[in-house]
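Here is a short briefing for a first look at this structure. Keep the model open while you read.

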Amino acid sequence: MRVKDADGWTTPDATLEVRSDGSVGPKAAVVDLSFSGGGDGSGLLKIARDGRSLSLGWPGGLPEPVLEGDSALYSEVLPGVDLKLTAAVEGFREVLIVKTAEAAASEKLAEVSFALDTAGLDVRETATGGIQAVDGDGMSVFRSPKAQMWDSAGSTEQSSLSAQLMTAESDPSEEPANGSSASDGSDGPSDGSALALLPIDVSDDALTLTPDADLIENATYPLYIDPTVTWSEAERTLLRSDGYADYAWGNGDDDEGKGMGYCGTYVTGGYAYYCGDGYKQRLYFEFSPSSLKGKHVLDATFRVTETWSMSCTASWVNVTRTNGISSSSDWPGPSSLDLMVDRYVSAGRGSACDPSQPNAAIEFNDNSEETNENLTSTVKSFAAGKFSRLPLMLRATNESDSNSWKRFKNDAVLSVKYVGLPATPTGIGIVTGDGTVCERDSGDPAIVSDPTPSLAATAQTKSGGESDASLKIYFDIDKKAGDGTWSDATAGNGNLRPADGDGYVGDGKKVTMAWSTLSEDILYRYRAWTRSYYNDGEGWLSGSSNASTTGWCYFQVDPTRPLKPTIAIASPYSECTANACASAGGPGIEASFTFTAGDGDTNVAYQYKLSTDTAWSSEISGNKVTTSVTPDAEGTYRLYARAKDSLGRWGAQNLIDFKVSDGEAPQAEYHFDEASGAAQDTGTAVDADADTLTLSSAGASRDTRGRRGTDTSTGVEDTSLLLDGSSGYAETDDAVLDTSKSYTVSAWVRLDDLSKTQMILSQNGSVSSPFYVLYNSSNGYWGMITTDADSPGPAYSSSYMAAPVAANTWTHVAFVHNASTKTMRLIVNGKWYIEKTAATAWSSSGALQIGRGLIAGAYYFPLHGSVDEVRTWQRALSWNEAIRDARLLNPTTGDQYAELTAHWDAATAASGSTSLADTSGYGRTLTVSGGATDGEAIVLDGTDDSASSDAVVDDTASFT
C-alpha cells in the first residue's frame, strides 16, 4: 500500500506527530485523521476521506496527550479513567482504560456517549450492533463492529500458568511463548480475560455505549472499553474461537502483528511453552479488484510477513478463499470456498534457531506439482470480474497442533505478474493527408492511387492495462479472387510493426507501415489488431481486430481515377494541423467548404460526408464547388471528400479536420443548491442578465433529494426544489427568454402524484403563456403546448409523447422552439422526442414560471414533486446538445452525476425480516416474498422467492 501526501506518494506510517495547528495525526495515512492536542473535548477526533468526514467529541475537557508511536494517551479524562487513541493508516481505535473498581462504579461510566458530527455521511446501526457510515450513494465509507469490553484477568492467569508449566530446565531468558511482548492490555484481551460485546446506539448527534454491568462487578482491573472505526474500502478481520474478534486489526505496540493457529501448550525437548488455554485464531484479508482492471494475470503470489513461530520446527499454513468478511463476522467465520496455497514454514525465532530464523516475508505461490493449488487462476478470474471481492483466510492446516501458533503482520499483499489486455486498435485505415480512410462497404471501396499504400493503426490496451504496455500492431490484407473467395496478400516486408528487433510501442501510439506493391482492379480488405507482449517478448496476447468489431476496410488500387481533391474551409472555422486545432463557430453555425480538382484532373462532381455519417452526400456538380454543413454539437469533426470524372468513376479521398466551439451557454440556469431563499441564476457571469428565482412563501422548499446526488469530492448532498402541489411555485422577476425567437428550456422532474395534470415550465404574458411544458394526467404523458397570442382563448398547437410516466422517478424533459423552421420539439431523457409545427410565436414579457402556468389570467396545474437543474437557452438546441444536457455531466470530471434513488441494506434489518426500509430518502420499501433476511443478506431459494419494490428509476434513461 502507498499513500499520497503533500510531497507525493509514500509508505504508510501511523506514527503520531504534533501538527502546526496543535492537533495530532499520523505521518502518512490513507484517511485524513486528526486527534485532539488537548483542551475542549468537542474536537476529540476527526476521520475524513474524499470530502466526507466523521467527528467524535468527548463530554469534558482533555489534557495534552502523551504520544508513543501510533498512540495518544489522555490521562484522567474521568477520575480513574484514561482515554487512549491509536491511529492506523485506515482508521483508529478508541480505548477507555478503567483503572479501578471505584472508577467503574462512577455514574459517568453507566453510559458512555461520544458527540457525533458528520459531513456527507449518514451513520446507522447495523443489525449486529455495530455502525456504518454511508455516503449519499449508499456506499459504506467507515465501519465499526460492536464495541468490546474486557478485563485483565487473562494477563494474571497467563503469568501464573506459564510459571507452573515451565520445567526446571526452562530457560527464563526465552521470549514469551505466545510470541508477544509485554503490553498494557489495551491492544486486546489476553487468553482468560473476561469479554463482553457492546452494541453501539446511534442518534443524530451521539454514539452511546452501555458497559456490561456483570463484567464491571466481577472484573480484574484495569478494564478496557473499545469501539474501533475504519475506512471500509478493504476488510481485515481477526476471529477467535472464544468469541473475540478484532476488525481492522493492527500490528500492536510491538509492531509484530497478530497470532494464527492453535494457542495451547506446546511441549518439546523437555520444555513446555504456554500460549493459551486452547483457542483457535484465524486472520482474514480482503482485496479489491480495482488495481487489476484491464490486466491479464500471469502469476499471483500472496505475501505476508511472519514475525514469530511457536518453535523452530515448521508447520503448515493454508491460504483459503472464503465468502465475504465484514465488521459483523464472528467465529467460525465465513464459509471456505477453495484452498489456494499452503506453505510449510517457520520464521521469527531469530537466533534461537540454528540456522537463524528472522522475520520473513512468506510467499504463497502455486506449486505446479499440486493440482489443488490455484491462487493464480483464482486471481485471474478475479481480475476478469467474475467476482467482486477476494477474501483470503490465513489459518493453520492443523488447528489442533500446538506448534501451529504463529504471528503475522497486517501487511498482506497480492503480488501479481500481469500483461495489459490488448484492445481493438483505433485509427485503422489507409493514410491520406493527416488522417486515415476506411470504407466498410465492399460495394463502394476506397480508391488508392499509390500501389504501395501506407496503412495506419493506433495500438490500444483495455482500460487499466496502459501502464508499461509492450505493444505491436499486426497488419493484414486479403485479396478477393474472381470466384468470390478471399486469400492473404503477402506483405513482403513482414506484417508486424514495430518489426521484430525494433522494440515495442506503448498504449495510444500510432503505427504505420508501407505495404508491398499491390495490383490494380482487385478488391482488397484490411484489418489490424494489437499484440501485448510479456516475458521479454516470448509470449503475447492478441486483441480483436476491426474485422470482428467495426468491420473490414475495403479498397482498390487505381491510379487512373481522380486524385484526392483539395479541400478549403472558410471562416470562422480553420483546418486542424498535426500540432494545433483551434475551435471556432458553434453548434448550428454553418461550416463552408470548397472542393477543387487535384493536379491535372478535371472533375464533373464531388461528394462529401462527415465521420459521423453513414452515407455520402448527393452529388454536387462542377469542377470547383462550395458546400456547407451545420454541426449540431461541439467537438472535432472530420469531413471526407471525393471527386468523380467524366467516366463516372469516383476517385481517391481527402479529408479535413475542424473543431467546433461549445455552443452559447444557457441564458439562465438554476441548481437550487442554496441553503435557503431564492435560487440564483448561475447561467451567466453578467449580473445584469441574472434572473433570480423567488420561491413562494408557502409550499416551496429545498429537498436533499437533488438530481446531482452527493458530491464525491466534498461529500455535500445536492438539493432540489420541492413543491407541494398546491401553493408552491418559483418565478423570476422579469422575462428570461425572448419567445418570439428560437429558445430552449429543460428541467429534471420528479412527480409525487400522477393523478392530476401538472405544469413544469412556462413564461407569462399578461393573461397566458407562449409555451407550456407539462404532464397531462388524462393520458399519462409528458406534453408541450404553444399559443399564438396573449389572449384568454388563443389558438394553440399541442402534442403529447406516448410513453408512460412513473411516479417518484427523475426524468429529463426538454422543450425546443425553432423560430426558423417554425417547429416545436419535446425531448425526454435525451432519447425520445416528438416534433410538430408550432403556433405563431409571440414575445412574452412576464416571469419564467416553475410549477404552474398562467391560463386566461389565472394560475393552474401546480406541480407536486421536485424540480432540479432548470436551464434556458436563447437558441434552439440541436438533438445532440439535448442528449448532452440530459446526461448531466460534471464539468470538471466529465462523469455523469448520479443520485441514489434506492438503497436497501439487509445488514440493518433483523434476521427473518421480510421487508427492508429504503435509506435513500425516496421511501421505497423492498418486500421479500418467500425468502427473508439473515442479518447480513436477503436469502432466496432460487425457485419462487423474490424481492420487489415500486419503480426506482425511469428506465428510458441511463441508470445503474
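Cys438 and Cys553 are both buried. A disulfide joins these two cysteines, Cys438 and Cys553, with an S to S distance of 1.9 Å. The model is predicted, and every value below is computed from it.

**Disulfides**

- The torsion about the S-S bond of Cys438 and Cys553 is about -95°, so this disulfide is left-handed.
- The pair links distant parts of the chain, 115 residues apart. Cys438 sits in the loop between strand S36 (435-437) and strand S37 (446-448), while Cys553 belongs to strand S45 (residues 553-557).
- How many disulfides does a search of the whole structure find? There are four.
- Taken in sequence order, the bonded cysteines of the chain pair as 1-2, 3-4, 5-6, 7-8.
- Cys312 is bonded to Cys353, S to S 1.9 Å. The link of Cys312 and Cys353 is left-handed too, with -90° about the S-S bond.
- Cys312 and Cys353 tie together distant parts of the chain, 41 residues apart. Cys312 lies in the loop between strand S28 (295-309) and strand S29 (315-322). Cys353 lies in the loop between strand S30 (336-345) and strand S31 (360-365).
- Cys312 is partly exposed, at 33% relative accessibility. Cys353 is buried, at 6%.
- Another disulfide joins Cys576 to Cys581, S to S 1.8 Å. Cys576 is buried, with 9% relative accessibility. Cys581 is partly exposed, with 30%.
- A disulfide is a covalent bond between the sulfur atoms of two cysteines.

**Strand S53 and its partners**

- Is strand S53 (residues 650-660) largely enclosed or largely open? Ten of its eleven residues are buried, so the rest of the structure largely encloses S53.
- S53 pairs with strand S52 (residues 635-644) in the antiparallel sense, over nine bridges. Within this pairing, Tyr637 has Phe658 of S53 as its bridge partner.
- S53 also pairs with strand S47 (residues 583-584), here in the parallel sense and over two bridges. Ala584 has Val660 of S53 as its bridge partner.
- S52 and S53 form a hairpin with five residues between the strands. In that hairpin, Gly648 takes a positive phi near 85°.
- Strands of a sheet pair through backbone hydrogen bonds, either parallel or antiparallel.

**A seven-stranded sheet**

- Seven strands form an open sheet with antiparallel pairing. Their order is S55-S58-S67-S60-S61-S62-S63.
- Which strands stand at the edges? They are strand S55 (694-695) and strand S63 (796-800). Each has a single partner strand, so one side of each is left without a neighbour in the sheet.
- Strand S61 (residues 771-776) and strand S62 (residues 781-787) run antiparallel and are joined by six bridges. Phe771 stands opposite Thr786 in S62.

**Nonpolar cores**

- The largest nonpolar core has 45 residues. Phe35, Trp58 and Val98 have the most contacts inside this core.
- Beyond its neighbours within four places in sequence, Val98 is in contact with several residues, including Gly80, Val81, Leu109, Tyr221 and Ile225.
- A second, separate core has 39 residues, among them Leu721, Leu737, Ala803 and Val813.
- In soluble globular proteins, nonpolar side chains tend to be buried together.

**Thr86**

- Thr86 is placed in strand S12 (residues 81-87).
- Is Thr86 buried or exposed? Thr86 is buried, because its relative accessible area is 16% and the cut-off for buried is under 20%.
- The side chains of Thr86 and Ser71 are joined by a polar contact of 3.1 Å.
- Leaving aside neighbours within four places in sequence, the contacts of Thr86 are Phe35, Asp70, Ser71, Gly91, Phe92 and Arg93. Phe35 is also one of the residues with the most contacts inside the largest nonpolar core.

**Asn398**

- Asn398 is in the loop between strand S32 (390-396) and strand S33 (406-408).
- Asn398 counts as partly exposed, at 41% relative accessibility.
- Where does the side chain of Asn398 reach? It reaches the backbone nitrogen of Ser400, at 2.9 Å.
- Asn398 and Lys295 are 103 residues apart along the chain, and their C-alpha atoms are separated by 36 Å.

Key
Residues are numbered from 1 along each chain as its sequence is written. This is a predicted model: local features need pLDDT of at least 70, side-chain atom pairs count only at pLDDT 80 or more; totals for chains, interfaces and linings use all residues. Side-chain values use heavy atoms; hydrogens and water are left out. Helices (H or I, at least four residues) and strands (E, at least two) are DSSP runs, numbered from the N terminus. Buried means under 20% relative accessible area, exposed over 50%, partly exposed in between (1.4 Å probe, protein chains only). A polar contact is a pair of N or O atoms within 3.5 Å; within protein, one must be able to donate a hydrogen and the other to accept it, and residues adjacent in sequence count only if both atoms are side-chain atoms. Contact means heavy atoms within 4.5 Å. Two strands pair if DSSP finds at least two bridges between them. A disulfide is a pair of cysteine sulfur atoms within 2.5 Å. A nonpolar core is a set of buried Ala, Val, Leu, Ile, Met, Phe, Trp, Tyr and Cys residues joined through side-chain atoms within 4.5 Å.
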